[in-house]
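Work through the exercises below with the sequence and the coordinates open. Try each task before reading its solution.

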Amino acid sequence: MIEIEKLISNVKPNRFRRDQSGCSFHARSSRGGVLMAISPRAIGLHVVITGASSGLGAALARVYAKPGVLLTLSGRDKMRLLSVAADCVSAGAEVDIVVCDVTDADGMAAWLTSADQVRSIDIVFANAGIGGKAAIAPPEGEANAVARLIFATNTLGVINTVTPIIPRFVGRQTGHFVVVSSLAGLLGLPHSPAYCGSKAAVRVYAEGLRRLMRPHGVRVTVVNPGFIDTPMSRSLPLPGPRIWSADRAARAVKAAVEKGRSEVTFPWPLRLAVAATRALPSRLVDAILVKHYRRTTFS
Ligand SMILES: NC(=O)c1ccc[n+]([C@@H]2O[C@H](COP(=O)([O-])OP(=O)(O)OC[C@H]3O[C@@H](n4cnc5c(N)ncnc54)[C@H](OP(=O)(O)O)[C@@H]3O)[C@@H](O)[C@H]2O)c1
């Protein structure tokens, strides 16, 4: 908490940038939390993470945090972002914080291009998403507003994160997009049709993007996690099977990115179970999943 306050107290408000969309973009130094001028910084990795204020995004920020690395961390909750930023600054990273909703296409484009001017971005993690209890469908079906919000965040939010940087990566003939989908994107569950659909959409989008970008030297990795221990999964009534810690998941994702893998899916037993549903008759899979949905209490 002291670290956070130190960061806040050392920031000079007249140096904050706020674009017309209302998204705020703050540049900070690891050296005492003094606000830095927005000017090109040439050395070290620049990693952008959306949904960095919680769960997997926060864990990714922490596993990438080290001296020389610039982390641009985005989310909507400024205090939680500051808390993650303080940990990363303690590990020696420089951290910029952006408060922005991924559904705001103009705001996202504005801060992403500003961030790329501060230092050329190397890796973009399109990680922000909604799910868990918020995405559970009632037996009578999902309301229009709920289904639209899930797609706006999980699908259009990814597109709003990726598209502003595509021409920059293509121009430089380098860069890496990491799109966080889900094992739920490989299987339509009665528990959350919109969530599964939103994640399937980004998985296939990223697959096509990977093939489009390959001749330009730009990499794309899709992440299909099973259950990760985060506020999202904790909002569900039961702990998910084979759940991984956020730190373990972040390390697995970082390793896959470093190896240039096109897809990473974990844990393997759930990956196998999902693959098995493809081999079974759909009537049988329907019967199993409908029974499971009926037996689950979501309140
Ligand atoms: N946890 C799992 O079991 C699991 C499994 C498979 C896939 N995933 C995927 O992994 C990703 C991270 O999830 P998580 O488990 O870490 O969940 P989480 O702890 O709930 O974190 C979600 C993050 O997304 C951000 N976010 C949500 N809506 C946003 C919006 N409209 N604009 C900007 N940021 C927004 C949140 O920021 P604020 O709170 O600051 O708004 C938060 O930082 C998601 O895409 C999720 O679908 C999770």
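A residue is buried if 20 or more other C-beta atoms lie within 10 Å of its own, exposed if 12 or fewer, and partly exposed in between, with C-beta atoms placed from the backbone. Helices (H or I, at least four residues) and strands (E, at least two) are DSSP runs, numbered from the N terminus. The model is predicted: local features need pLDDT of at least 70, side-chain atom pairs count only at pLDDT 80 or more, and totals for chains, interfaces and linings use all residues. Residues are numbered from 1 along each chain as its sequence is written.

**Exercise 1. Describe helix 5 (residues 144-162): its span, its bend and its buried residues.**

Step 1. The expected span is 1.5 Å times one less than the number of residues.

Step 2. Helix 5 has a kink of about 35°, centred on L156.

Step 3. List the buried residues of helix 5: I150, T153, N154, G157, V158, N160, T161 and V162.

Step 4. Find their partners, taking contact as C-beta atoms, placed from the backbone, within 7 Å. The buried residues of helix 5 pack against strands 3 (46-50), 6 (123-126) and 7 (176-180). They also pack against helices 4 (105-118), 6 (166-172) and 7 (193-213).

**Exercise 2. Which residues of helix 2 are buried?**

Step 1. They are G55, L56, G57, A58, A59, L60, A61 and Y64.

Step 2. That is eight of the ten residues of helix 2 (residues 55-64), so the rest of the structure largely encloses this helix.

Step 3. Follow A61. Leaving out residues up to four places away in sequence, A61 touches I49, A52, L71, L73, V84 and C88.

**Exercise 3. How many residues surround the ligand, and which are the closest?**

Step 1. The count is 29, with G51, G55, G75, R76 and G129 the closest.

Step 2. Helix 2 and helix 8 (231-234) each supply at least two residues of this shell.

Step 3. Sort the shell by type: ten nonpolar, 15 polar and four charged.

**Exercise 4. Is Y293 exposed, partly exposed or buried?**

Step 1. Locate Y293 in helix 11 (residues 282-295).

Step 2. Y293 has 16 C-beta neighbours inside 10 Å, so it counts as partly exposed.

Step 3. Beyond four places in sequence, Y293 touches P190 and H191.

Step 4. Y293 and P139 are 154 residues apart in sequence, yet 8.9 Å apart in space, C-alpha to C-alpha.

Technical notes: Near = placed C-beta within 6 Å. Nonpolar A, V, L, I, M, F, W, Y, C, P; charged D, E, K, R; others polar. Bend = angle between axes of the 7 residues up to and from the residue. Contact = placed C-beta atoms within 7 Å.
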